[in-house]
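Visitor: I would like a quick tour of this model. Please walk me through it.

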Amino acid sequence: MGKPQAVTDQTFEQEVLKADIPVLVDFWATWCGPCRMVAPVLEDVAGEQGDKIRVVKLDVDANPITAGRFGVRAIPTMIVFKNGREADRIVGYHPKPQLMTKLNPHLTMAAPPSAASATATAGPNGQTPSTPPIGGSPTSSTPNAGVGVNKIH
């Protein structure tokens, strides 16, 4: 849905922290080779995922206050902001498939598992395999360890 837009120290709060969708901020500089390598990847992401995440660029040389505020020490650094807070940080160049793997959790919310899928994976006692036996300890080798013992909460 577009190209990455430039933000500055002055526009950062309004354009990023107050945004109603997640924002990926690319902290970059003109002299940075890896920053130039990631630019076309971010253009693709902005074009393909622009309705789910906004992509913006902040030149760290021209906007040192915001870069310092978020502790950007190496570039390229990409920070995902959700609801005005840092949700994820990606440092260095990543090819598009790797970058998308990191961004996907921020694009859409995962649906909670349905009751049908929970019962399909339940064991013979109705519990999921990762659940320890009732009263037992996850580290105990005795199946009925702790049965009849009142636990202090």
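Guide: A nonpolar core is a set of buried Ala, Val, Leu, Ile, Met, Phe, Trp, Tyr and Cys residues joined through side-chain atoms within 4.5 Å. Buried means under 20% relative accessible area, exposed over 50%, partly exposed in between (1.4 Å probe, protein chains only). This is a predicted model: local features need pLDDT of at least 70, side-chain atom pairs count only at pLDDT 80 or more, and totals for chains, interfaces and linings use all residues. Residues are numbered from 1 along each chain as its sequence is written, and side-chain values use heavy atoms, with hydrogens and water left out.

Visitor: Which residues touch the most other members of the largest nonpolar core?
Guide: That core has 19 residues. Helices (H or I, at least four residues) and strands (E, at least two) are DSSP runs, numbered from the N terminus. The residues with the most core partners are Phe12, Val16, Val25, Phe27 and Phe81.

Visitor: Why is the pair of phenylalanine 12 and phenylalanine 70 called tilted?
Guide: Rings of Phe, Tyr and Trp (its six-membered ring) pair if their centres lie within 6.5 Å; planes under 30 degrees apart count as stacked, over 60 as edge-to-face and the rest as tilted. The whole structure holds three aromatic pairs. In this one the ring centres of phenylalanine 12 and phenylalanine 70 are 5.4 Å apart. The pair is tilted because the planes meet at 45°.

Visitor: Is phenylalanine 70 buried or exposed?
Guide: Phenylalanine 70 is in the loop between helix 3 (64–69) and strand 4. Its relative accessibility is 16%. The cut-off for buried is under 20%, so phenylalanine 70 counts as buried.

Visitor: Which residues form one aromatic cluster?
Guide: The rings of phenylalanine 70 and phenylalanine 81 have centres 5.0 Å apart and planes at 80°, so they pair edge-to-face. Phenylalanine 81 is buried, at 1% relative accessibility. The cluster is Phe12, Phe70 and Phe81.

Visitor: What joins the side chains of lysine 57 and aspartate 26?
Guide: Lysine 57 lies in strand 3 (residues 54–59). A polar contact is a pair of N or O atoms within 3.5 Å; within protein, one must be able to donate a hydrogen and the other to accept it, and residues adjacent in sequence count only if both atoms are side-chain atoms. The link here is a polar contact of 2.9 Å.
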